[in-house]
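The entries follow in the order in which I made them.

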Amino acid sequence: MQQIIRQIPSVYDVQLMLKRMALDPLYNVDIDQRQVKLPLPGERQLDTVTLGFVEHQSKTYVYIEAPESREQEAVNKIERIFRFHQPLEQAAGHFQGTELEPLFRRFYGAPLTCDFDLYGCLIKTIIHQQLNMAFAYTLSTRFAQTYGVFKDGVWFYPGPEVTAAIHPDELRRLQFSQRKAEYVVDVSKSIVQGTLDIDSLQKKTDEDVIKELTQHRGIGSWTAECFLLFGLGRENLMPAADIGVQNGLKKLIGLEAKPSKTEITEWARRWSPYNSYASIYLWLHMEIPDKGEDMRAEK
C-alpha cells in the first residue's frame with residue numbers, strides 16, 4: 001500500500017463531515033479516530049482506500065493509504081468525494097445577512113461530500129424516495145448487503161448488471177414496495193442497455209441532467225436533484241420538495257407550517273449560487289440538536 005499525504009483547507013470541518021457520513025450504516029467511518037475506508041471498485045479487482053485526518057500546528061492533513069498500482073485513481077476518487085477544493089469561506093460569507101446566517105455560523109466549514117460512486121448514489125436515492133431517514137437507510141443497507149460484496153471492512157454496492165438481473169419480487173422480500181422494486185431494476189436495465197449513461201452526466205448542465213434522468217420511470221425531480229448534489233457535487237441545488245429542507249426552514253425561522261415548494265424556490269433565488277450548502281446546513285439543523293435543545297430535552 002502507498003501512503004499519500006495532502007494538506008486540506010483548515011476551514012473544512014472534518015468532524016462534521018464524518019458525523020454526517022456515518023449516518024449511512026454501509027460506510028466504514030470511525031469518528032473518534034477520524035478515519036474512513038472507501039471502496040475502490042474496478043473491472044479486475046476490488047480494493048479499499050483508507051483516509052485518516054490529522055491536525056498539526058493549525059493545519060489539517062489527510063493521510064491516504066491506497067494500492068500503489070491505483071494511486072492516481074484513488075486520489076481522483078477522493079477529490080471527487082470529499083471536494084477539498086470547495087469554496088466554504090465564500091459560501092459562508094454569501095449567507096451573511098440572510099435567514100440562514102445562524103446555520104452558517106453554527107456549522108461553519110461543513111462541506112458537501114459525494115457518495116462513493118455514481119451508480120450507488122442513484123440507486124440509493126431511488127430507494128430512499130418518500131421514506132423517513134431511519135427506514136431509508138435500513139432498506140439501502142439490506143439491498144447492498146444482499147447483493148453487494150463485503151471486503152476488508154467495506155461494502156461495495158452491486159453493479160448495474162447484478163441489479164438488472166434481480167426479479168422485483170426478490171426486492172419485495174426486503175420490504176421494497178412493488179413500484180420501488182421495479183424502479184431499481186428498470187433503471188439498472190437502462191444503464192446496462194446503454195439508454196442511460198450516468199458517467200456522461202458529469203459533463204452536462206444541471207438542467208440537462210434533470211431532463212435526461214426524469215425521462216426514466218422512477219426518477220422524478222427530487223431524485224435527479226439529489227443525484228446532482230450527492231453524485232455530481234453540484235453547488236447550486238435546492239430540492240425544494242424535500243421534507244428535511246422544509247422542516248429545517250420551519251424550525252429555523254419559526255414558521256407555523258412548513259414552507260411550500262414555491263416559497264423555498266423564491267428564497268433559493270437569493271441564496272444562489274450556493275444553494276447546495278444551504279440544503280446541507282438545513283439538513284444538519286434537523287440532524288444535530290444544538291446545546292439549547294439538548295438542555296431543554298433533559299428538563
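I began with R217, which is partly exposed at a relative accessible area of 43%; buried means under 20% relative accessible area, exposed over 50%, and partly exposed in between (1.4 Å probe, protein chains only). I note that this is a predicted model, in which local features need pLDDT of at least 70 and side-chain atom pairs count only at pLDDT 80 or more, while totals for chains, interfaces and linings use all residues. Residues are numbered from 1 along each chain as its sequence is written, and side-chain values use heavy atoms, with hydrogens and water left out.

**Entry: D186 and R217.** I found a salt bridge between the side chains of D186 and R217 (3.1 Å, N to O); the term requires a side-chain nitrogen of Lys or Arg within 4 Å of a carboxyl oxygen of Asp or Glu. The pair links distant parts of the chain, 31 residues apart, with D186 in helix α9 (residues 178-193) and R217 in the loop between α10 (206-213) and α11 (221-230). Helices (H or I, at least four residues) and strands (E, at least two) are DSSP runs, numbered from the N terminus. D186 counts as partly exposed because its relative accessibility is 29%.

**Entry: D24 and K124.** I recorded a salt bridge between the side chains of D24 and K124 at 3.0 Å, N to O. D24 lies in the loop between α1 (14-21) and β2 (28-30), and K124, 100 residues apart from it, in helix α5 (residues 118-127). Both residues, D24 and K124, are buried.
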